[in-house]
Each structure stands twice: as C-alpha cells, then as structure tokens.
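Me: I would like to learn how to read a few features of a protein model, one at a time. Could you take me through them slowly?

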Amino acid sequence: MLRKWALVIPLVLIPAFAAATEPDDKLINLVHQDCGSCHGLTLKGGLGPDIRPESVSHYDVETLSEVVLDGIPGTAMPPWRPLMSEADAKKIAEYLLQGEIK
Amino acid sequence: MKWFGMTLAAAMMATTVHAETIRTTGDLGLVVERATGSLLLVDQSERASISRIEGLGDLSHASLVYSPDQRFAFVFGRDGGLTKVDITEQKIVGRVLQSGNAIGGAISDDGSLVAVSNYDPGGVRIFDADTLEMVLDIPTESKTIGLVDAPGKRFVFTLWDDGETWIADLSGETEKITKIKDIGENPYDALITGDGRLYITGLFGEDGLTALDLWDETPEPIRVLPEYGRGQKEMPVYKMPHLEGWARAGREFVLPAVGHHQVLWIDGETLEETGRTDTYGQPVFAMSRPDGRQVWVNFAHPLNDTIQVIDTVSKEIVHEFKPGPAVLHMEFTPRGHEVWISVRDAGKVQVYDTRTFEKLAEIDAESPSGIFFTSRAHRTGL
C-alpha cells in the first residue's frame with residue numbers, strides 16, 4: 001500500500017510544481033545544484049558554458065528566461081518549461097544576470 | 001601453537017609499529033561532500049564515518065582514484081584542483097591547481113601517473129603520482145570527457161566537440177598518441193570494460209554508442225544501437241547519464257539511454273541489442289552489483305529521489321524505493337552484499353542490504369555526492 005502511494009505522489013506534485021512560484025532560496029538551490037550539473041556548482045561552466053553574470057550579460061531578462069523555458073535546440077540545453085513556471089524562469093534569469101533575486 | 005603465534009605477533013608489533021596506530025585501508029572509502037569541499041573518510045565494515053578531510057576546493061562533480069597500495073587518493077575537483085590525500089594520516093599531502101575547469105581523472109595501471117581531463121582549457125594533463133609534477137600536457141581544441149586508464153600504461157579519452165577518441169600510450173620513452181575520428185556527435189561520457197578491451201562512448205548528439213576494440217592495433221569505431229530512439233519522442237535531459245559504473249551482467253551490458261526513460265541491454269560479444277527496460281525516469285547511473293545479478297538505477301532531476309532495482313535474468317524491475325531527495329550516487333561493497341547511497345539534500349549516506357533491501361545504517365554527510373571505496377584501486381577503469 002505504501003509503495004503504491006509512493007508511486008502516485010510525484011505525478012501529482014510535478015504539475016503543481018510547474019504552476020506555483022517557488023521560494024527564492026529553493027530557486028537558487030536549483031540553479032546551483034541542477035543547472036550546476038552542466039554549468040558547474042559555481043556556474044563557471046562545465047559541459048555547458050559559463051553562466052556567471054559577466055558571461056550572460058548580452059542577454060536581457062526576457063530572452064534569458066526564454067532560453068531557460070525552451071532550451072536551445074541542437075544543444076544539450078533542455079527546456080525547463082515542463083518543470084517550472086514563467087515567473088520562476090524570470091526570477092532565475094534575474095538571478096543569473098544580477099547575482100541575486102530582487 | 002595459537003598462544004605462541006599471538007605472542008610472536010605481539011612481539012613483532014612491539015618492535016615495529018603499535019597496533020593501535022595502524023589504520024588498514026582495504027575496507028575504507030571516501031565520500032565527496034560537494035558543497036563544502038571536503039571528504040568524509042568512511043569504514044565499510046563499521047558502516048560509519050571516521051573523519052572529515054577539508055580544504056579540497058570546489059568538489060561539485062568531483063571524482064577520485066586510488067593508488068595501488070590503497071593509501072593515497074587522487075581527487076579531481078571541478079575547479080581544476082588535483083589533490084593527493086593520505087588516508088592513513090587523514091590529511092592532504094599534495095595539491096596543484098592544474099587548470100581552470102576539470103572533469104575527472106584516472107591513474108595508470110602501474111600507479112605511477114595520474115591524468116586529469118579538462119574542460120577549460122580543453123585537454124588532458126598527466127602528473128607524476130609521487131610528486132604531482134606535470135610530466136605531459138596534451139592540449140585539445142575541445143572539452144575532453146570519458147578519460148580512463150587502459151592496460152599498457154595508456155590513457156584513453158574523447159573530445160566532446162570534435163567526436164574523436166585519443167589513446168595516449170606512455171609505456172615508452174616518448175608518448176605515442178593515436179587519434180580515432182568519427183566517434184559520433186557530442187560524446188558525453190565513456191567507459192572501459194574491466195578487462196581493458198572495450199572502450200564504449202555514449203553519444204548525446206545522436207542516438208547510439210560507439211565501441212572501440214583496444215586489442216586492435218588501429219581500433220575502428222563500431223556503432224552500437226544506432227538510432228535506438230527512432231520514432232520515439234525524445235524527452236529533455238536534465239542531467240547527463242554517467243557510464244562509469246556501467247553494468248556488466250553476465251554476458252550483457254546494461255547502459256542508460258539518453259532522452260528516453262529506459263536502460264538498454266547489449267550482448268557483450270556481438271554488441272547487438274538484447275532488450276530494453278522501461279524505467280521511472282532518465283537514468284543517470286545503471287550500476288551492476290558486483291555479481292551481476294542486479295542493476296541499480298538512479299534518475300535525473302526532478303525524479304532523483306528514487307532508485308529502481310532490475311533483476312538481470314528477467315530484465316524486470318524487482319524493487320523500487322525512495323531513499324530521499326537527490327540520490328546522486330551508489331557504491332557497492334566489493335562483493336556486493338551492501339550498497340551505499342548518497343542522498344544529497346537529506347545530508348545522508350544510507351547503507352542497504354542488497355538482498356533484503358533493508359536499510360542498515362545512515363551516516364551524516366554534507367551534501368554527499370560520489371562514494372568511492374578503496375577496492376577501486378585494483379580495477380581497470382575506476
């Protein structure tokens with residue numbers, strides 16, 4: 001019985017996650033831990049490029065949040081839209097450009 | 001006789017070293033604490049941590065290899081740091097910052113050389129294992145991935161941007177580098193089989209894998225499972241799979257698919273597909289219990305709280321459980337009776353019995369990622 005529930009819960013959680021706005025510290029953790037899988041924990045690059053503020057400064061918030069949401073076709077950058085709201089993607093773009101969430 | 005033996009042993013210890021100062025290393029291991037730049041020294045038999053070694057820099061995605069005597073660990077940090085740790089003294093004995101951005105390393109079969117794979121600037125650098133002095137720099141125009149040791153004092157690695165595999169032979173007076181083209185588009189990781197014969201590269205830019213037979217004088221790329229995902233919708237890959245810790249189960253290999261929630265089964269002789277098993281998410285590690293009877297699989301974000309266990313005879317999932325948030329790595333005890341699992345966001349390393357699946361212990365750790373037991377010292381490719 002327990003196992004059945006364990007299987008059901010994530011299916012319910014994911015759409016909820018996509019719609020809601022996450023607390024800022026959770027988003028920052030996501031950037032460093034999960035974006036960090038490719039871009040490095042300190043965001044200075046790995047298999048993916050350096051995404052520290054000085055390296056992404058040619059983007060504006062809107063374009064950068066679109067990159068986060070839709071990925072870059074033909075590269076390893078995946079679309080994050082299935083996992084996050086547009087509001088959160090905008091916050092992440094702000095964080096990447098400014099080094100903090102305002 | 002027994003009494004005599006014990007007396008003799010006691011007498012010998014008294015004249016050489018004190019028994020209480022000896023720390024044997026055969027059942028020890030190191031856990032990478034990625035965010036704090038530290039290592040946790042652990043004891044497999046006690047299922048406990050012994051001490052923490054600090055000051056290793058940025059350890060996100062860090063890995064390490066062991067000297068043949070299982071005394072030293074060479075730790076490859078993301079910041080380009082190469083750190084030599086003495087496990088018996090529980091301290092850092094050497095450290096060089098050898099590049100700006102590194103991704104793993106290897107130790108030569110004779111234990112004399114340590115190689116580091118770099119993203120920025122791309123290439124492989126080779127160091128003397130005793131002194132950490134650089135003995136060879138092999139620059140590439142590309143990020144390098146899949147660096148492994150191969151028998152005959154060789155290192156093998158692959159270029160992410162260029163789709164080439166290079167074999168560096170350091171057995172002679174001067175190095176010999178063999179370059180093999182047409183490996184495929186965007187190779188993301190590679191493995192070498194335990195016998196040192198096959199080097200298998202996973203591809204991100206196209207479906208399939210590429211194998212090289214290192215027993216050939218001039219290895220030719222062998223395509224494996226080309227277009228395995230054809231006709232199926234590709235799913236976003238939020239974390240690249242790892243091929244290190246690949247599974248060989250009897251005559252078959254088990255490998256994570258990319259962009260599909262599956263593991264792939266390949267015949268170890270013919271390299272033909274023998275099956276697929278649908279999994280809970282995008283597999284990151286598919287690791288074989290040392291006897292080959294089970295394969296344990298963890299998954300990419302956001303499904304990274306779960307592990308599935310596959311029976312290699314039936315290829316069916318026989319167990320599924322949720323150790324906790326962000327399961328990053330698994331390491332089996334050398335004979336496979338237990339498995340250690342790092343659960344990053346719970347700050348725990350958990351130990352499970354691989355037959356009953358019972359949890360045997362939990363060890364506190366700071367954002368644990370890779371777990372490396374000293375038994376790796378005696379295995380090619382690890």
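Me: Where in chain B is B:Ser60 found, in terms of the strands β3 and β4?
Reply: This is a predicted model, and in it B:Ser60 lies in the loop that runs between β3 (48-53) and β4 (63-66) of chain B.

Me: Is B:Ser60 buried or exposed?
Reply: A residue is called buried when its relative accessible area is under 20%. B:Ser60 has a relative accessibility of 0%, and therefore it counts as buried.

Me: Which residues is B:Ser60 in contact with, if its neighbours within four places in sequence are left aside?
Reply: With those neighbours left aside, B:Ser60 is in contact with A:Leu41, and also with B:Arg34 and B:Arg78.

Me: Turning to strands, which way do β24(B) and β25 of chain B run, and how many bridges join them?
Reply: Strand β24(B) and strand β25 (residues 294-299) run antiparallel and are joined by four bridges, with B:Pro283 standing opposite B:Phe299 of β25(B). The two strands form a hairpin that has five residues between them, and in the turn B:Gly292 has a positive phi of about 80°.

Me: Why is β24(B) described as largely enclosed?
Reply: In a regular strand, side chains alternate between the two faces of the sheet. In strand β24 (residues 283-288) of chain B, six of the six residues are buried, so the rest of the structure largely encloses this strand.

Me: What is the mean pLDDT of chain B?
Reply: The mean pLDDT of chain B is 91, and 93% of its residues reach 70 or more.

Notes
Residues numbered from 1 in each chain as written. Chains lettered and ligands numbered in written order. Heavy atoms only, no water. pLDDT = per-residue confidence, 0-100. Buried < 20%, exposed > 50% of the residue type's maximum accessible area, 1.4 Å probe, protein only. Pairing = 2+ DSSP bridges. Contact = heavy atoms within 4.5 Å.
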